[in-house]
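Work through the exercises below with the sequence and the model open. Each task is followed by a solution in steps.

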Amino acid sequence: MKPEIAVIGGGYAGIACAVALARSEKVRVTVFESGRVLGGRARVVARPDTPLDNGQHLLIGAYTHTLGLLRSVGVSPGVFESLPMTLAYPDGFCLRAARLPAPLHLAIGILRARGMSWADRRAAARLIRYLKQRNWTLTPDRPVANLLLDAGQTPTMRSRIWEPLCVAALNTPVREASAQVFANVLRDSLAAGASASELLIPRVDLSELLPVPATRWLGRRGHTIRTSDPIKGIRHEDGAFWLDGGPTWAGYNQVVVATAPYHANALLEGFAPLAPLVRQLASLAYQPTITVYLKYEQAPPMPYPMMGLVGGPAQWLFDRHQAGGPPGLVAAVISGGGEHEALSHAELELAVQRQLEGAFGKMPPVEWIQTIAEKRATFACTPGLARPDNRSAVEGLWLAGDYTRGPYPATIEGAVRSGQAAARGVLETLG
Ligand SMILES: Cc1cc2nc3c(=O)[nH]c(=O)nc-3n(C[C@H](O)[C@H](O)[C@H](O)COP(=O)(O)OP(=O)(O)OC[C@H]3O[C@@H](n4cnc5c(N)ncnc54)[C@H](O)[C@@H]3O)c2cc1C
């Protein structure tokens with residue numbers, strides 16, 4: 001009999017963990033997901049005519065573990081609209097990486113950029129040099145805003161490049177965000193090579209991207225995925241973990257808790273050795289992400305599928321039509337907290353519409369608007385934040401999720417890496 005492993009949570013971390021365990025062919029896996037669909041914070045939210053995600057997501061070429069996982073469950077690269085790293089604004093400002101090997105892709109991109117003065121170009125080079133000289137390690141860690149001051153960034157570089165990149169990647173405003181984690185992201189994307197900095201916009205909804213093909217792949221190999229099956233408790237008795245889920249308690253050799261940190265504590269609290277971990281998770285702070293989907297009668301004049309916006313509240317605008325969606329559907333993204341949190345959805349939608357008219361001129365009539373606010377979209381990625389390991393103080397009980405220790409902020413890639421690391425831990429203990 002193969003050891004039975006339970007994975008609690010069918011987000012990207014749980015799925016990555018289940019696939020890695022299944023690939024070993026040494027264990028039998030059961031994934032429990034409380035929601036009706038898999039995907040967690042990266043999932044489709046039903047709308048009768050147009051499938052919308054719980055928030056617009058962007059992946060990049062540096063997501064090597066995620067891209068490898070997609071390949072391994074048979075997903076074709078055509079699921080992404082991919083374009084060279086492009087930071088373009090409606091007023092003509094545009095920094096676009098050249099299709100050349102690193103570091104030329106960025107150097108030529110900066111030389112050719114529209115809207116950047118020579119002082120801005122020198123500042124961009126200065127920040128990369130500053131980080132390289134320190135081997136991409138910032139001791140002590142500090143807010144990104146301080147890093148930008150230390151490395152002498154111009155107002156244009158701050159407002160058009162670094163601040164929007166920081167809030168997009170870390171979902172945390174520059175005055176609170178960790179410069180070390182931001183440096184890790186820059187090292188592995190902008191500075192790593194042309195393909196690492198490519199922007200990948202999913203052409204399918206986020207449940208179709210990984211959860212659906214992964215479920216098929218796991219099912220074909222005899223593993224089980226149980227949706228609408230929340231686990232209410234875990235007990236450790238007679239050398240097995242007993243899960244309170246579905247109609248009965250069932251026993252497993254090992255358990256991976258792959259929920260968001262704010263759901264993990266309810267499952268971990270009963271274990272005395274985990275008291276410090278429970279306190280650590282309880283102390284995490286969160287940042288919101290709001291996506292305002294607007295369906296216009298015709299496509300707005302967007303030369304690129306993703307463009308930057310200034311003046312708030314939205315920082316980025318995605319043309320869903322250029323990524324496989326219906327004509328006229330755009331997603332305006334507001335990452336991180338700020339003054340916009342005081343607005344009602346109706347006020348926010350009006351503010352976004354005004355912002356888009358200010359940026360693109362008169363827009364076509366709006367058919368419908370839907371706003372999806374995720375209040376705890378990600379943990380606040382602050383300087384020096386201590387994040388827990390995959391291995392817990394209870395043998396056989398593991399953690400997986402975007403919040404566990406790793407170089408990246410809360411991202412799909414962070415979640416996938418964490419799930420795979422937890423699977424490695426399980427398999428190592430089995431020898
Ligand atoms: C609006 C928004 C926009 C984002 N944009 C980006 C982006 O552009 N790029 C990017 O890389 N990342 C982005 N992220 C972050 C990314 O979505 C997350 O980092 C990632 O999805 C987290 O995956 P996870 O598996 O760690 O956790 P989750 O997705 O939270 O998965 C945990 C799962 O556990 C389930 N669960 C909880 N409790 C139980 C229980 N008791 N029993 C059974 N199941 C349970 C939940 O239902 C959930 O499905 C965004 C997030 C949001 C919310």
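A crossing of two helices is left-handed if the near helix is turned anticlockwise from the far one by less than a right angle, and right-handed if clockwise. The model is a predicted one: local features need pLDDT of at least 70, side-chain atom pairs count only at pLDDT 80 or more, and totals for chains, interfaces and linings use all residues. Residues are numbered from 1 along each chain as its sequence is written.

**Exercise 1.** Determine how H1 and H13 cross, and which residues meet.

Step 1. Helices (H or I, at least four residues) and strands (E, at least two) are DSSP runs, numbered from the N terminus. H1 covers 12-24 and H13 covers 412-430.

Step 2. Axes are lines fitted to C-alpha atoms, for helices over the stretch in contact, with angles from 0 to 180 degrees between N-to-C directions. The two axes come within 7 Å and cross at roughly 40 degrees. The crossing of H1 and H13 is right-handed.

Step 3. Residues are in contact if their C-beta atoms, placed from the backbone, lie within 7 Å. Among those of H1 that meet H13 are Tyr12, Ala16 and Leu21; the H13 side includes Ile412, Val416 and Leu427.

Step 4. Count Ala, Val, Leu, Ile, Met, Phe, Trp, Tyr, Cys and Pro as nonpolar, Asp, Glu, Lys and Arg as charged, and the others, Gly among them, as polar. The contact of H1 with H13 then has 14 nonpolar, five polar and no charged residues.

**Exercise 2.** Explain why the ligand lies between two domains.

Step 1. By an automatic or database domain assignment, the chain divides into domain 1 (4-48 + 62-68 + 204-284 + 383-430), domain 2 (85-197) and domain 3 (286-379).

Step 2. The ligand is surrounded by 38 residues (C-beta atom, placed from the backbone, within 6 Å). The closest are Gly9, Gly11, Gly40, Gly55 and Thr411. H13 gives the largest share, four residues. By class, the shell has 15 nonpolar, 18 polar and five charged residues.

Step 3. Domain 1 and domain 3 both give residues to this shell, so the ligand lies between them.

**Exercise 3.** Give the strand order of the five-stranded open sheet and its edge strands.

Step 1. Strands pair if DSSP finds at least two bridges between them. The order is S16-S17-S18-S15-S19, with antiparallel pairing.

Step 2. S16 (306-308) and S19 (366-379) each pair on one side only, which makes them the edge strands. The twist averages 20 degrees from one strand to the next.

Step 3. S16 pairs with S17 (residues 316-319) over three bridges. Gly308 has Trp316 of S17 as its bridge partner.

Note on methods. Two residues are in contact if their C-beta atoms, placed from the backbone, lie within 7 Å.
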